[in-house]
Amino acid sequence: MKSPLLQLNGVHTHIGAYHILHGVDFDVPAGKVTMLLGRNGAGKTTTLRTIMGLWPVSRGSVLFDDQPIGGSQGQLRTPDIAQLGIAYVPESMGIFADLTVRENLLLAARKARTVEQMDTHRLEWLFGHFPALKKFWLYPAGKLSGGQKQMLAIARAMVEPRRLLLIDEPSKGLAPAIVQNLIAALRGLKSSDTTVLLVEQNFEVARALGDRVAVMDNGRVVYSGAMATLAGDRGLQEKFLGLSLGGH
Ligand SMILES: Nc1ncnc2c1ncn2[C@@H]1O[C@H](COP(=O)(O)OP(=O)(O)OP(=O)(O)O)[C@@H](O)[C@H]1O
Ligand SMILES: [Mg+2]
């Protein structure tokens, strides 16, 4: 059997004197969306940053395509990790508010110096998933709505083909109707064979997009399995997510 695209094996991370991750274990299978859930402070962002090499692995290992990228068997630096085809959309999105949508995408393209050099098929493909980018092509990104900014941030990470996308809480602060647009856009990407590791607090988004799920608490993974299993079991949700309000 083919091994998972990304594997975290007993990953510990220290930030300065603080011991934040205490042995994180989970896999991200190729071509699937894996959700990373957990309460505030559980260690989700730290996990993404550790995968990107922004924090070094202090014990355990991170393997990408069976190659060590973090840990004592081989700790790559962030630019080398990105070079392997891993893109990271941080919570802060990292877009340039004063630059246009077009300039934001151009800056994210490593292989093009001018818009003319950009892969037009890929741009059309992105416009297909994120129509707002075409509509606001020459607008400063700062004028986009929160949801449109999220879509621009994700599009920047996908402006060239990537093997793995790490996305931190794209639905944060968005109105429910906009969240639906985001779900639709991310669903579109799912069909493109990109592997995604998606951090979310919004269980509706997780249920709509996730194939697999890992739930974190206190710097560890406390549950992992198929998203459908967690989505269909109130008892598991209550136990691992504290979703006990009997809501939707
Ligand atoms: N730069 C830092 N220095 C010290 N502690 C940090 C730092 N970054 C994160 N932490 C701590 O690590 C723990 C995990 O934080 P992290 O940001 O990974 O959580 P999270 O699951 O992403 O939470 P949220 O849902 O609120 O974004 C928290 O207790 C946090 O205070
Ligand atoms: Mg976070």
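Me: What does Arg156 touch, not counting residues up to four places away in sequence?
Reply: Gly94, Ile95, Phe96, Asn104, Leu105, Leu107, Ala108 and Arg162. Contact means heavy atoms within 4.5 Å. This is a predicted model: local features need pLDDT of at least 70, side-chain atom pairs count only at pLDDT 80 or more, and totals for chains, interfaces and linings use all residues. Residues are numbered from 1 along each chain as its sequence is written, chains are lettered from A and ligands numbered from 1 in the order written, and side-chain values use heavy atoms, leaving out hydrogens and water.

Me: Why is Arg156 said to have no salt bridge?
Reply: A salt bridge puts a side-chain nitrogen of Lys or Arg within 4 Å of a carboxyl oxygen of Asp or Glu. The nearest side chain of opposite charge, Glu103, is 11 Å away, so Arg156 has none. Yet Arg156 is buried (under 20% relative accessible area, 1.4 Å probe, protein chains only).

Me: What makes the reach of Arg156 to the backbone oxygen of Asn104 a polar contact?
Reply: The side chain of Arg156 comes to 2.9 Å from that oxygen. A polar contact is a pair of N or O atoms within 3.5 Å, one able to donate a hydrogen and the other to accept it. So the pair qualifies.

Me: Which residues lie nearest the centre of the largest pocket?
Reply: Ala87, Tyr88, Arg156, Ala157 and Arg162, among 18 lining residues. Lining residues have an atom within 4 Å of a point on a 1 Å grid. The largest pocket holds about 380 Å³ of space.

Note on methods:
Buried means under 20% relative accessible area, exposed over 50%, partly exposed in between (1.4 Å probe, protein chains only). Lys and Arg count as positive and Asp and Glu as negative; His and the chain ends are not counted. On a 1 Å grid over the protein atoms alone, a cavity is a set of points where a 1.4 Å probe fits but cannot get out, and a pocket is an open set with protein on both sides within 12 Å along at least five of seven lines; lining residues have an atom within 4 Å of a point. Grid points are joined across faces, edges and corners, and a volume is the space filled by probe spheres set on the points.
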